[in-house]
Amino acid sequence: MIEKTDRKILLSGCHAFSPEQTFYCGQCFRFERCGDGLFEGIAFGKRIKVGSEDGNTVLYCTPEEFEEVWRRYFDLD
């Protein structure tokens with residue numbers, strides 16, 4: 001399930017998407033671990049932070065950026 005708020009997208013029940021595995025697999029570039037336990041990166045000129053919260057994946061971006069860039073980039077369909 002995808003829940004959207006103003007600056008946060010929550011992916012619950014999405015067990016196939018792991019931020020750590022995604023960013024360390026060698027096929028995803030320009031993402032680095034932040035000091036606050038999140039991953040931060042840029043793709044298509046857009047910056048995003050990605051992490052985990054209560055066992056769910058969290059994308060820190062606007063709903064518009066999620067639909068325009070990140071849904072397809074992370075193959076969430």
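How many disulfides does a search of the whole structure find? In this predicted model, the search returns 0 disulfides. Cys25 is partly exposed, its relative accessible area being 45%, whereas Cys61 is buried at 0% relative accessibility. Cys61 is also among the residues in contact with Ile48, once the neighbours of Ile48 within four places in sequence are left aside.

The strands are arranged in an open sheet of 6 strands, ordered β1-β2-β6-β5-β4-β3, with antiparallel pairing.

Strand β4 (residues 39-43) pairs with strand β5 (residues 46-53) in the antiparallel sense through 5 bridges, and Gly41 has Ile48 of β5 as its bridge partner. The hairpin of β4 and β5 has 2 residues between the strands, and Phe44 in the turn adopts a positive phi of about 55°. Strand β5 is in turn joined to strand β6 (residues 56-60) by 5 bridges, again with the strands running antiparallel. In this pairing, Val50 stands opposite Leu59 of β6. The hairpin of β5 and β6 likewise has 2 residues between its strands, and there Asp54 takes a positive phi near 55°.

The interior was examined next. In soluble globular proteins, nonpolar side chains tend to be buried together. In the present model, the largest nonpolar core comprises 17 residues, and Ile48, Leu59, Trp70 and Phe74 have the most contacts inside it. At least two residues of this core are supplied by each of β2 (residues 9-11), β4, β5 and α2 (residues 63-73). The helix α2 gives the most, with 3 residues. With neighbours within four places in sequence left aside, Ile48 is in contact with Phe31, Phe39, Glu40, Gly41, Leu59, Tyr60, Cys61, Trp70 and Phe74.

Helix α2 contains the buried residues Pro63, Glu65, Phe66, Val69, Trp70 and Arg71. These buried residues pack against β1, β2, β3, β4, β5 and β6. One of them, Trp70, belongs to the residues with the most contacts inside the largest nonpolar core. Just after α2, a positive phi of about 55° is found at Asp75.

Ser12 lies in the loop between β2 and α1 (residues 19-24). With a relative accessible area of 16%, Ser12 is buried, because this value falls under the 20% cut-off. Beyond its neighbours within four places in sequence, Ser12 is in contact with Met1, Glu3 and Asn56.

Conventions. Residues are numbered from 1 along each chain as its sequence is written. This is a predicted model: local features need pLDDT of at least 70, side-chain atom pairs count only at pLDDT 80 or more; totals for chains, interfaces and linings use all residues. Side-chain values use heavy atoms; hydrogens and water are left out. Two strands pair if DSSP finds at least two bridges between them. Helices (H or I, at least four residues) and strands (E, at least two) are DSSP runs, numbered from the N terminus. A nonpolar core is a set of buried Ala, Val, Leu, Ile, Met, Phe, Trp, Tyr and Cys residues joined through side-chain atoms within 4.5 Å. Buried means under 20% relative accessible area, exposed over 50%, partly exposed in between (1.4 Å probe, protein chains only). Contact means heavy atoms within 4.5 Å. A disulfide is a pair of cysteine sulfur atoms within 2.5 Å.
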